[in-house]
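This report goes through one protein chain, part by part. Look at the sequence and the structure below before reading on.

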Amino acid sequence: MKQHLLTLALVLFGATLGLAQRTISGKVTAENGEPLIGASVVAKGSTAGASTDLDGSFSLTIPANATILEVSYTGFASTEVTIGTSNVIDVTLRESITQLSEAVVTGYGASQIKRTLTGNIAKLKGEEIQSLPVPSIEQGLQGRTAGVFVEATNGKPGGAIRVRVRGASSISASSQPLYVIDGIPITVTSQNQNGAPLNPLADLNFNDVESIEVLKDASAGAIYGARAANGVVLITTKKGKSGRTNLEFDVQRGVGQASGYREFLNSAQFIQYFTEAANNSDALDGVAQNDPDSWTTFVKRRFVRYSGYADYTKGEIETDWQDEAFRSANSTQASLSASGGNDRTRFFASAALSDQEGILVGNAFQRLSTRLNLTQKASERLSFGLNMALSRTYTNQVPDDNAFSTPLQLVALAPITPVRDQTGRLYDRPTTTYYNGLIDLEDARRDVISFRTLANASANYQIVKNLVLTGEVGADVYNVRDNLFASRRTFAGQGTNGTGNSLYGQVVNINTKAYLNYNGKISERQNLGFTAGTEFQRSRNDQTSVTGNEFPVDDLKTLASSAKITAGSSTVTEFSFLSYFGRINYDFDRKYLLTLSGRVDGSSRFGANNRFGFFPAASAGWVLSEEGFLENGPFSFLKLRGSYGLTGNAEIGNFQQLGLLGSAAYNAVSGLAPTQIANDNLQWEKTGQLDIGIDFAILNDRISGEIDYYNKNTYDLLLNVPVPGTTGFQTQTQNVGRVENRGFEFVLNGRILDGGFKWNTALNLAFNRNEVKELAPGQDIVDPGSARLMNVVRIGAPLGVFYGAEYAGVDPANGDALWYLNKPGEERKTTNDFNDAQYIELGSPQPTVIGGITNTFSFKGLELSVTFQGVGGNSIHNGGGEFMSANANWFDNQTTDQLAAWKKPGDITMVPQARLGYVNGNQSRSSRYLENGDYIRLRTAILSYQLPARTLEKLKLSKMRIYLTGQNLLKFTKYTGWDPEVTTDAFATNIVAGVDFYAAPQPRTVVLGATIGF
């Protein structure tokens, strides 16, 4: 009996123990709503604990007497939460070091706290660029990300943007980074053919952007393998959050003007200076000025011709053609977004309008866009997602910078020429010196319309705790319609009774992928995460164009009205990638960090012998501040990290590995003829990159930063190499050559003042040295230039180095332009014969230092944010100087600095004697037209006021912010041209950079706006 009673007592005691436990679940997030993966949740005073999974969720069984949960995560302030009676507890952790505790997107559904990163990733929050008065997202990066050089080729809205991550590394392949939007590698190659290339990224509404991550080193980028050599830009759009539906409306209205002007001769100066030039030429020829065949007589006849109906001797006309080219540019932007949801369904939806006039007459850009992002939790394990964006952009384009019809080439016309004749008709040649580009405004139309669809559907299935399988299907469908009509009076339509061209292009880019993500603990002190998957991409590009002439009247502008179809073409091209990728993140005690990653890429672009390539990377980190010997030191955080890896570049033509045949005709019989020699060994350009960095925080976390050294070595360059003529071909695409970039990056973030008045500072500075190390065997220079352009590729010099004659000034005795001979082994001597001067390296278009600083001051609801951005160490070739600053070589109006021309023996000046019809120092390929390209610009200033909560409550609003934004307000530079931020759109390539040829300056814009939340 006693034995049965003892057994019963033990059973009841065990049951009591079972009843004395309970299960608690919940979610741990940061203040911005991001889930914290791997956060520690422990019942205080017990051994019961758990770690959060991929969406920040946890579940643990605790003793009945437990009253407090201890929640901690590296980089966040630990907290204690009273358990109470509820079995669901959500916890929000406050960041202890803001910059080091941010969640950073690393690609393929994974993210890491920046504190645990072993690679170099720069992050920019969407709110930092929201509502900026710029057309494309890249311009929002200027001055805000270390080592990322962003340059608009000119001030035309929607125009091409050059982005270089840690320097330029390719000669023939693309040097642009890979852009990935919500997992889709997007098309960034312009599809228009009339005028200068436009920017496909301008289709994106950046008010929809949640964050931008720039993967800079090989450790961060190697998971994107063959296309990561130039860096990777990950763009993540906004998602909905559980809770009430939030509506937000943003509207702004602004005006822009040219941020730079040049001084040209007025009418009196024009007449005086060109008369002087004609007199000088007569003196050289030994001809009397009153001779009917003299230059002086000739110039007077030209003055009469250029004056039209007016009398130039009376000073009746004073035309400022620069003012005719520029205008005040109005802009309007408006966007409406809604977000919200519940525990199962969340959404973000938006619609936006951007309407921007260009500062050049006739130039404009418009964008209409919509977006819908949905997530649906079908069950505890299965969820779905859909991101879809539709956009339509319209660009009223002007011709490229090299065209006579482009507005800024109006400055070449004489100030004594009226704009219109007495009937109101625009003057043209022979009254104007050259074609009057204003005629295109009235009698030509250049429309580029693009329709863009970005869509990505995904499904996530949690196989077991912390292990999620994801499948995605994405599409980027890019349609472009490019129409040109030029009437019989225009430069393009003269002689054909008008001309028209219509192009239709479509790029269909399909991307599919499947991958596994795991993030969890393998012991109490060890954490492990991995990503593994496969990806397939296929892109098809269809182009169709038709050209017609002979239009009956100018009012009929479509090709249906042309009497003669003169040209037509259609092409199809495509490429595909098949990839396998993986990444492992391991840490011990959040102190010792290791990341291994790799990707195998197969591409249709490369030879049969090298179809696949492997791109591995490894990185490690050591959080020194967690060690006991630094426990009481000055650093609240200190991490040493290093990485090395291999990435690739596959951005070349689609069929350069193949032996090709093209259509040919002989004696009116069609046939085929070889057009390209095959190369079965063609493969990727490769970049091996070493990165060593330090992340730190001092003064009780008030100041934090990064210091990095990197060395990028790009080899097996994709170059067209000369081959023996016996092959029947001139060149073949081969893997030869090497380019190196090395440098330092510095990032410093500081909370200078806290309390009622706050002052935060973010500084970044990067130094880069670019050098061409090797070319094809026996080749030391590639010179694609001409008498006008002097960018070359030369071993031992930066990519695109300026190579030409060195200008030595003016001979004081006779006014001749002088050049340094620069003969090897000889002392410096001068000559007045340009052809005797040896070409030398004169400067580089590649900046050696770039940087930016943002200061944010706030007091209560008032905030002022100011960003300065600048570059240094580069030169600019003022390519238009051979015409506009040519000491009156011909009748182009001259810049006023030419008035300092040599006049008499003994004059000391840098401007040669003015000589009409003579070349005297105006050879473009010389250092005379090379200038210092350094500048510092007040890129952005934003003054805003946020209404206080009490006022918002009365107004039944959740948010109201009023702001005044200025863009490109100030500029500090020695450059005498319109703008030092320039690479003229007509010539821009990897090699040709830093050339200014009638390129419009950046607009100086001021906008007033408001953001209202409901």
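Helices (H or I, at least four residues) and strands (E, at least two) are DSSP runs, numbered from the N terminus. In a regular strand, side chains alternate between the two faces of the sheet.

This is a predicted model, in which local features need pLDDT of at least 70 and side-chain atom pairs count only at pLDDT 80 or more, while totals for chains, interfaces and linings use all residues. Residues are numbered from 1 along each chain as its sequence is written, and side-chain values use heavy atoms, with hydrogens and water left out.

Which strands pair with E40? Strand E39 (residues 791-794) pairs with E40 in the antiparallel sense over 2 bridges; two strands count as paired if DSSP finds at least two bridges between them. Valine 792 has valine 801 in E40 as its bridge partner. E39 and E40 form a hairpin with 6 residues between them, and glycine 796 in the turn has a positive phi of about 90°. Strand E44 (residues 840-843) also runs antiparallel to E40, joined to E40 by 3 bridges. Here glycine 804 is bridged to isoleucine 840 in E44.

## The chain as a whole

The chain contains 8 helices and 52 strands. Its radius of gyration is 33 Å, close to the 31 Å that the globule rule gives for 1014 residues, so the chain is as compact as a globular protein of that length. The radius is taken over C-alpha atoms, and the globule rule is 2.2 Å times the number of residues to the power 0.38. Along its principal axes, the C-alpha trace spans about 145 × 75 × 65 Å.

Of the 1014 residues, 55% count as buried. Contact means heavy atoms within 4.5 Å. Among contacts between residues at least 6 apart in sequence, 69% join residues at least 24 apart. The accessible surface comes to about 41,800 Å², and 56% of that surface belongs to carbon and sulfur atoms. Accessible areas come from the Shrake-Rupley method with a 1.4 Å probe; for residues, only the protein chains shown count as cover.

## Two sheets

Strands of a sheet pair through backbone hydrogen bonds, either parallel or antiparallel. Strand E1 (residues 21-30) pairs with E7 in the parallel sense over 6 bridges, and alanine 30 has leucine 93 in E7 as its bridge partner.

Another open sheet has 4 strands in the order E3-E2-E5-E6, with antiparallel pairing. Strand E3 (49-51) and strand E6 (79-82) each have a single partner strand, so one side of each is left without a neighbour in the sheet. Strand E2 (residues 40-43) and strand E5 (residues 68-72) pair over 4 bridges, and alanine 43 has leucine 69 in E5 as its bridge partner.

## Nonpolar cores

A nonpolar core is a set of buried Ala, Val, Leu, Ile, Met, Phe, Trp, Tyr and Cys residues joined through side-chain atoms within 4.5 Å. The largest has 34 residues, and those with the most contacts inside it are Phe326, Leu408, Leu438, Trp978 and Tyr998. Helix H5 (321-325) and helix H6 (438-443) each supply at least two residues of this core. Not counting residues up to four places away in sequence, leucine 408 touches several residues, including Phe326, Leu360, Trp978 and Tyr998. A second, separate core of 29 residues includes Ile129, Ile186, Ala389 and Tyr963.

## Two buried residues

Leucine 624 lies in the loop between strand E28 (612-623) and strand E29 (635-649). Leucine 624 has a relative accessible area of 13% and is therefore buried.

Methods: Buried < 20%, exposed > 50% of the residue type's maximum accessible area, 1.4 Å probe, protein only.
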